[in-house]
Amino acid sequence: MYKKDFPIFRNAKFMNKSLVYLDSASSTQKPHTVINAIPYLYENFYANVHRGIYKLSEESTGMYEDVRDITSKFINASKKEIVFTKGTTDSINMIVYFFAKKILKKNDLVILSEMEHHSNIVPWIILQKEIGFNIEYIKVNEKGDLLNLDLLLEHNPKILSITHVSNVLGNINDVIGIVKKAHDKGAYVLIDGAQAVSHMRVDVKKIDCDFYVFSSHKMLGPTGVGVMYAKSEILEKYDPSFSGGEAVISVSKDNIVYKDIPYKFEPGTPNFIDVIAFGYAISYIEKIGILKIQKYIEDLSLYTYDKLINIERLKLFGDGRKSGIFSFHIENIHPHDIASSLDEDNIAIRAGHHCAKILMDRLNLSSLSRCSLYIYNDERDIDKFISSLNKTIDLFS
Amino acid sequence: MNRQISSQYIIDLYKNIKYYGKLKKFTIKKELQNPLCGDIVTLYILIEKDKIVDVSFESSGCMISKVASFISLDMIKGKDLGVLKKIKFEDILDNMMIKDISPSRKKCAYLTFGGLKSIGEEYK
């Protein structure tokens, strides 16, 4: 139904076979409105933001700030709580350095989970080496359940950082419940929303998390743009960990006066053209309606799930029935061979460790195959995928 | 040459892999890891009087990786150590009939070859 809005499906044919793109958890394709916005902006509105006093700069500044407004409404934040970054990884690293580094001391506890993407593990380990705090991981089973959250919370962590939706298992964590429990123990909570925002209504006020981070490129927008939401009182209280031009009101040899939030966290010329194009992506999603998208993905996920569980040698991990993320293993066939074989039918799936080595170790696997859905997929795509998968199984048996 | 990994030729090689397992007696054991996928290949080589007398490998890798281990080891078995300097990656792909395989899959095939080259350097 929505496929016609995405030019890639007209263009990326291979041996006359249409593209079946099932790797949206890695990055989504882009609708023509987002793609066309970029040359349009460069050709008609290009001037640096927040600096010029001439028309062109005021126009680009207006459009850039409009996206902050659109983004804040999209997740029910206030405008000043939205900081544009390079992506989820950048957002998490920023939080680790401007905030976590200031509050963590030796012997403090940070809780992560075994289902985290490397982007929500590596920055913490780097800081741990510097400060010496402890990191405990919430254990995860094959179904994607979080096993010992309550037990770990008994140790009074300072920070809990966890994903909203697992990029491998597809499970949707009960972030409202998790935040409540963590806050009761006095912990700050960061939610990695990279896999969630494009699939469901995210309301940061309702979740009550202290930080929520996500990327544009996983929600139909350009690469190189991300969002760091943080509660305004936190942004106001802490200084940025890196700074420079445009983030400050005045600079003398012995003093810096920062701008108000969120600008003190956005030094230098931002990637404003891509941010504005990201605004087009959110508008595209809002035009369809996020609840309608959620229902569409859920229906297609159930269709996919019913087909996958009927494949005899296939084992599913986690639960992707609501998120459209299905990771699986097929007996005696390496995920790379599955992905390469499907690629010959122009079907794109992901194979590998999905930047989640800790989870792979927990599952005792070196890699998994993953198919992930978005609104441009339809039942025909799933039929082609299943047929190619069955062909691959026959080939290798 | 065939870009497809589903060619009957490579599948047949895969189903008839040789040298799989651990040698009882070996002079070199080398563990290799593909950072792209985390797969691990372990090579075992028995050298006697500068001659490669026996070879074997263990692997958690994919079909391309395993067939490449088999073919690479087959190309050096029974030869003098100098063969490690002479073998070319193109020849391995040629022998597997996958010369035009995609760049990401070439890395799967390269793992054992790269390991043999570094053994060649170490045994100068």
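**Accessibility, strands, domains and salt bridges**

Guide: B:Glu48 counts as partly exposed, at 38% relative accessibility. This is a predicted model, and the values discussed here are computed from it.

Visitor: Leaving aside its neighbours within four places in sequence, with which residues is B:Glu48 in contact?
Guide: B:Glu48 is found in strand S2 of chain B, residues 40–48. B:Leu81 is 33 residues from B:Glu48 in sequence, with 9.7 Å between their C-alpha atoms. Once neighbours within four places in sequence are set aside, the contacts of B:Glu48 are B:Lys25 and B:Val53.

Visitor: Which strands stand at the edges of the open sheet formed by four strands of chain A?
Guide: The order in this open sheet of chain A is S11-S12-S15-S14, with antiparallel pairing. Each edge strand has a single partner strand, so one side of it is left without a neighbour in the sheet; the edge strands are S11 (314–317) and S14 (350–352) of chain A.

Visitor: What does the twist of that sheet average from one strand to the next?
Guide: The sheet in question is the open one with the order S11-S12-S15-S14 in chain A. From one strand to the next, its twist averages 30°.

Visitor: Which residue in S15(A) stands opposite A:Ala351?
Guide: S14(A) and strand S15 (residues 368–372) of chain A run antiparallel and are joined by three bridges. The residue in S15(A) opposite A:Ala351 is A:Ser369.

Visitor: At about what angle to S12(A) does helix H14 of chain A run?
Guide: Helix H14 of chain A comprises residues 379–396. This helix lies across S11, strand S12 (325–330) and S15 of chain A. Its angle to S12(A) is about 15°.

Visitor: About how much area do domain 1 and domain 2 of chain A bury between them?
Guide: The domain assignment of chain A gives domain 1 as 3–23 + 290–396 and domain 2 as 45–287. Their C-alpha centres lie 29 Å apart, and 32 residues of domain 1 of chain A are in contact with 30 residues of domain 2 of chain A. The size of an interface is often given as the accessible area lost when the parts come together. For domain 1 and domain 2 of chain A, with 62% of it on carbon and sulfur atoms, the buried area is about 2,600 Å².

Visitor: How many salt bridges does the rule find across the interface of these two domains of chain A?
Guide: Over all chains, the structure holds 29 salt bridges. Across the interface of domain 1 of chain A and domain 2 of chain A, the number found is two.

Visitor: How many residues apart are A:Lys315 and A:Glu142?
Guide: A:Lys315 forms a salt bridge with A:Glu142, the closest N and O atoms being 3.0 Å apart. The pair links distant parts of the chain: A:Lys315 lies in strand S11 of chain A, and A:Glu142 in the loop between strand S4 (134–138) and helix H6 (149–153) of chain A. A:Lys315 is partly exposed at 39% relative accessible area, and A:Glu142 is partly exposed at 37%. Their separation in the chain is 173 residues.

Visitor: Are A:Glu65 and A:Arg68 buried or exposed?
Guide: The side chains of A:Glu65 and A:Arg68 meet in a salt bridge of 2.8 Å, N to O. Both residues lie in helix H3 (residues 55–74) of chain A, three residues apart, about one turn of the helix. The cut-off for a buried residue is under 20% relative accessible area. With 9% for A:Glu65 and 1% for A:Arg68, both residues count as buried.

Visitor: Which residues are linked with A:Lys3 in a network of salt bridges?
Guide: The network consists of salt bridges in chain A. Linked with A:Lys3 in this network are A:Asp378 and A:Asp381.

Conventions:
Residues are numbered from 1 along each chain as its sequence is written. Chains are lettered from A and ligands numbered from 1 in the order in which they are written. This is a predicted model: local features need pLDDT of at least 70, side-chain atom pairs count only at pLDDT 80 or more; totals for chains, interfaces and linings use all residues. Side-chain values use heavy atoms; hydrogens and water are left out. Two strands pair if DSSP finds at least two bridges between them. Helices (H or I, at least four residues) and strands (E, at least two) are DSSP runs, numbered from the N terminus. Axes are lines fitted to C-alpha atoms, for helices over the stretch in contact, and angles run from 0 to 180 degrees between N-to-C directions. Contact means heavy atoms within 4.5 Å. Buried means under 20% relative accessible area, exposed over 50%, partly exposed in between (1.4 Å probe, protein chains only). Domain bounds come from an automatic or database domain assignment. Buried area is the accessible area (1.4 Å probe) that two parts lose on being put together, summed over both. A salt bridge is a side-chain nitrogen of Lys or Arg within 4 Å of a carboxyl oxygen of Asp or Glu.
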